[in-house]
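User: Hi! Could you walk me through this structure with a few questions and answers?

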Amino acid sequence: MPKKHKQRAQLGPVRDALRIPPASHVSLAVRAADATPVGPQDKAAGVAAAALLGERLGVLQERLYASSTAGDPRRVLLVLQGMDTSGKGGTVKHVIGQFNPSGCRIRAFKAPTEEERAHSFLWRVAKALPAAGEIGIFDRSHYEDVLIGRVRELAPPEEIERRYDQINNFEKSLTDSGITLVKVFLHISYEQQKRRLLERLDNPEKYWKFNPGDIDERALWPAYQQAYEIALRRCSTDAAPWYLVPSDRKWYRNWAISNLLLEHLEALDPQYPTAAFDVAQCRHRLLEVG
């Protein structure tokens with residue numbers, strides 16, 4: 001049977017340092033986006049430490065998938081949220097790149113299609129969940145419906161308010177079904193976002209990453225910061241906490257998220273299943289066949 005999650009006192013140092021406690025007040029303005037609250041304090045050490053995690057992450061991913069072949073329903077879902085240029089795509093490239101891609105399910109959520117708008121806002125999310133043994137990655141998620149939905153007034157205020165409880169209930173149902181949720185808010189500063197957007201405009205090889213609409217969204221920065229603060233406070237629960245990762249330093253972002261995944265996988269402690277056949281007999285038959 002799958003092991004139960006370890007209690008808070010047994011969480012790893014990265015989870016403890018970056019976790020947003022349930023119902024706690026969140027002020028993004030007082031949280032430094034270039035901070036290094038735990039772990040390496042400089043780029044060289046951070047890059048080296050992150051590189052060492054790849055083999056261990058790979059082994060745990062394989063064990064998670066292997067255990068699913070014996071009926072273990074558990075899987076991991078990494079949810080990435082953050083302002084434009086905060087590093088959602090970079091995380092997929094540098095962190096998820098350490099896993100076997102055949103065991104990952106990556107979904108980037110854009111503006112909903114006409115079919116998706118005809119259903120509950122959680123409908124398209126439920127369809128994209130990882131299968132047993134997989135590691136799923138959401139580049140944006142159902143939280144867009146209380147972020148851009150709130151800032152751009154895409155739904156009535158009372159509907160936005162209902163969505164927080166709907167999200168909490170949905171996420172509780174996911175954890176009850178064997179999904180470990182790792183929800184990461186990539187915290188980037190206003191100044192750093194400007195630098196990264198300018199880098200895209202100054203480099204023809206990065207034009208494809210730029211959208212003129214990014215400027216319109218940047219103009220709404222205060223409203224988005226408030227929307228994130230509300231979502232982080234209302235939807236960080238014991239079952240599915242939020243983790244705030246300072247993301248001005250790309251190397252620290254990569255190190256922190258790699259370690260968050262590692263600590264969650266180690267807590268799951270998936271095991272290779274025992275053989276469902278007679279090993280000695282199969283070995284004997286194989287040697288006889290030659």
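User: How many bridges join β1 to strand β6?

Analyst: Keep in mind that this is a predicted model. Strand β6 covers residues 242–246, and β1 runs antiparallel to it. The number of bridges joining β1 to β6 is two.

User: Which strands stand at the edges of the sheet?

Analyst: Let's read the sheet across: it is open, its pairing is mixed, and its six strands come in the order β1-β6-β5-β2-β4-β3. An edge strand has a single partner, so one of its sides is left without a neighbour in the sheet.

User: Which residue stands opposite C104 in β4?

Analyst: Good one to trace by eye! Strands β3 and β4 run parallel and are joined by five bridges. On its other pairing, β4 goes with β2, also in the parallel sense over five bridges, and there L77 stands opposite G136. For C104, the residue opposite in β4 is I135.

User: At about what angle to β5 does helix α11 run?

Analyst: Helix α11 spans residues 221–234. It lies across β1, β2, β5 and β6. Its angle to β5 (179–187) is about 150°.

User: What is the volume of the largest pocket, and how many charged residues are in its lining?

Analyst: The largest pocket has a volume of about 1500 Å³. Of its 47 lining residues, the closest to the centre are D84, K88, K110, D139 and R140. Elements that give two or more residues to the lining include α4, α9 and α12. By class, the lining has 14 nonpolar and twelve polar residues, and the charged ones number 21.

User: A23 and T85 both have a positive phi without being glycine; which one counts as buried?

Analyst: A23, with phi near 65°, lies in the loop between β1 and α2. Its relative accessibility is 63%, so A23 counts as exposed. T85, with phi of about 75°, is in the loop between β2 and α4. At 9% relative accessibility, under the 20% cut-off, the buried one is T85.

How values were computed. Residues numbered from 1 in each chain as written. Predicted model: local features only at pLDDT ≥ 70, side-chain atom pairs only at ≥ 80, totals over all residues. Heavy atoms only, no water. Pairing = 2+ DSSP bridges. Helix = DSSP H or I, 4+ residues; strand = E, 2+ residues; numbered from the N terminus. Contact = heavy atoms within 4.5 Å. Axes fitted to C-alpha atoms, helices over the stretch in contact; angles between N-to-C directions. 1 Å grid on protein atoms, 1.4 Å probe; cavity = no way out; pocket = protein on both sides within 12 Å on 5 of 7 lines; lining within 4 Å. Points joined across faces, edges and corners; volume = space filled by probe spheres on them. Nonpolar A, V, L, I, M, F, W, Y, C, P; charged D, E, K, R; others polar. Buried < 20%, exposed > 50% of the residue type's maximum accessible area, 1.4 Å probe, protein only.
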